[in-house]
There are 2 protein chains.
Amino acid sequence: MTMMATTSKIGLEDIKTAFNRISGLVHKTDIITSSTLDRMAGKKLYFKTEMFQKTGSFKARGALNAIKCALENGGSVPGIVTHSSGNHGQAVAWAANQMGLPCTVVVPQDTPSVKCEAIKGYDAELVFCESSPTARKETCDKIAADTGKVIIHPYDNYDVIAGQGTIGLELLTQVPDLDAILVPISGGGMTSGICVAARGIRPECKVIAVEPRGKELWKSLEANQRLWSNPPQFLDTIAEGIKTQQVGQLTFPLLCDHVAGVITVTDKDMSDAMKLVAERMKIVIEAASGAAVAAALSEQINNMEGVEKVGVILCGGNVDMDRLPWLEERFK
Amino acid sequence: MTMMATTSKIGLEDIKTAFNRISGLVHKTDIITSSTLDRMAGKKLYFKTEMFQKTGSFKARGALNAIKCALENGGSVPGIVTHSSGNHGQAVAWAANQMGLPCTVVVPQDTPSVKCEAIKGYDAELVFCESSPTARKETCDKIAADTGKVIIHPYDNYDVIAGQGTIGLELLTQVPDLDAILVPISGGGMTSGICVAARGIRPECKVIAVEPRGKELWKSLEANQRLWSNPPQFLDTIAEGIKTQQVGQLTFPLLCDHVAGVITVTDKDMSDAMKLVAERMKIVIEAASGAAVAAALSEQINNMEGVEKVGVILCGGNVDMDRLPWLEERFK
């Protein structure tokens, strides 16, 4: 993308500080490889295994960093509240529990039961709301106003972004000569954090965002302008973890600054990738992770010259094992 | 079990030699842990992740060791032949391919397609036969007689046993103070190999065999006598990898010598364990591995005094992802 002369609100140092702040409570996740998938991709793939992260997704990093920052900044923190379609909710519930704080999580009514149970398992209170971005935000704001609980936004929060950026810091330490990193994108917290890390550590490493159909991120990035229609919407996708159409207000400029490309995948692509990874690599990944795998196997990546070593972010593995997409008639 | 004054045909040194022979071509698989499953078991569990082994199961170890031994022993080795319900077949096909040898694998007609494809993927020839132990053996013997190909038996072969024993050697190096190891048992190659390793390295570590219902291994072990009715049968179980009822002629005395107990699990137990491990640990395990997990969560283990640290052998992860047992009506 166009290089912009922004005064950056977040840099590599913030990510290194976040790394030190959250180390010990979150895992430094392993890199795994698969000769079968390498052959299929025609590239050397390095899978970052965030489904083995605490709470089953990368979200534990940002949530813990943000909550620890809130406590470090002083002031009263009577508790934590957030809204989330699931993974961020679990992560915030877990992180609040780690820090001994009460927590409320606002979730849409259609959240898979396995995610609701997991949130309750970390002693958080669940509040259900309508399944629209607006309803979620309003419910969350009202709870914060009524109780004084601190809101941890899923992505539009620099401490969250810095926490997610630790994925990039780790990955580029584990595989220092990566040519590209494929990152599933929703609000853009993880992608922008990885952008900041890559830009600081290895600017020639391309960060490529992977989106479900209908997001049309590239148009907005290329225009350097938010071209989405309002109010914000959810995409019609099986990838419940990346269904937010618009990226955040804070994440957008960071993405404009460093995202080198966008790959769009279909539900069928994601479903096939989930099944392939289960069969060949013996790991459970959710559809959002499947998006990154599908992108790694896509023609776009295969045709990309000078890109040989590719990081693939398996961002989470929270799957309702009673509702696997490849067993649905429409994906067979 | 009763200690017998046998002159052992296989000892720890054989397993160490096998370890050196196969290192580099097979993985030293990691140990993973889960605080959730530890809480459920009331024990500290150490999972040996053989589903990440080459070919998706531990069988790669024994197959490669036996084929390399056949080549080292001199004499003509025009090729390899074996019979197997799947995992051993894949492993032999892979190992023969590694050593540049042609390979024929006899499989029963009801073998899951994913396993057949995997065998063919290693350039082996598939020969189908009836789904009885006798038919498999006869077909295999005929091919060996006609072609001079060397038979690699799935378990009644000391080189195979020594290869599988490397699991125990690795595990007791990775977690030296284990109190018990739970091993899914079929013909007994893996269990007897782990027995030999444990007896040599840490005799006080109990090796506990985990069987599908109907095997009744304990009766024969306790009697020090083969009490099964002939001809040999397959058990009626979802655990296709451990459906052989009788253990082998070579493995039986080794099992009598060191197996400390047997835990029997149902198909429902295995199915529930597979699903639990997928949901909580994000890994794909086959029903035979589920047997060991179910045993780890059983009352028998929970009640076992002096047993705190338990190794759990996740022996394989070759699952037909279109036919998951917990989605079948009878297991819901």
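Two strands pair if DSSP finds at least two bridges between them. Keep that in mind for chain A. One caution before we start: this is a predicted model.

Let's take strand S8 of chain A, residues 206–212. S8 pairs with S9 of chain A in the parallel sense, over six bridges. At one point A:Pro212 stands opposite A:Val265 in S9.

Next, a loop. Where does A:His153 lie? A:His153 lies between strand S6, 150–151, and helix H7, 158–174, of chain A. Buried or exposed? The cut-off for buried is 20 or more other C-beta atoms within 10 Å. A:His153 has 21, so A:His153 is buried. A:His153 and A:Ala66 are 87 residues apart in sequence, yet 9.1 Å apart in space, C-alpha to C-alpha.

On to the two chains. The contact takes 15 residues from chain A and 15 from chain B. On the chain B side, helix H11, residues 267–281, gives the most, with three residues. By class, that side has nine nonpolar, four charged and two polar residues.

How are the copies related? Turn chain B by 180°, with a shift of 0.0 Å along the axis, and it can be laid on chain A with an RMSD of 0.0 Å. That is the relation of a two-fold axis. In chain B, the C-alpha nearest the axis belongs to B:Ile283, 2.2 Å away.

Last point. Of the interface residues of chain B, 100% are also interface residues in chain A, so the copies meet through the same surface.

Technical notes. Residues numbered from 1 in each chain as written. Chains lettered and ligands numbered in written order. Predicted model: local features only at pLDDT ≥ 70, side-chain atom pairs only at ≥ 80, totals over all residues. Helix = DSSP H or I, 4+ residues; strand = E, 2+ residues; numbered from the N terminus. Buried ≥ 20, exposed ≤ 12 C-beta atoms within 10 Å, placed from the backbone. Contact = placed C-beta atoms within 7 Å. Nonpolar A, V, L, I, M, F, W, Y, C, P; charged D, E, K, R; others polar. Least-squares fit on C-alpha atoms with pLDDT ≥ 70 in both.
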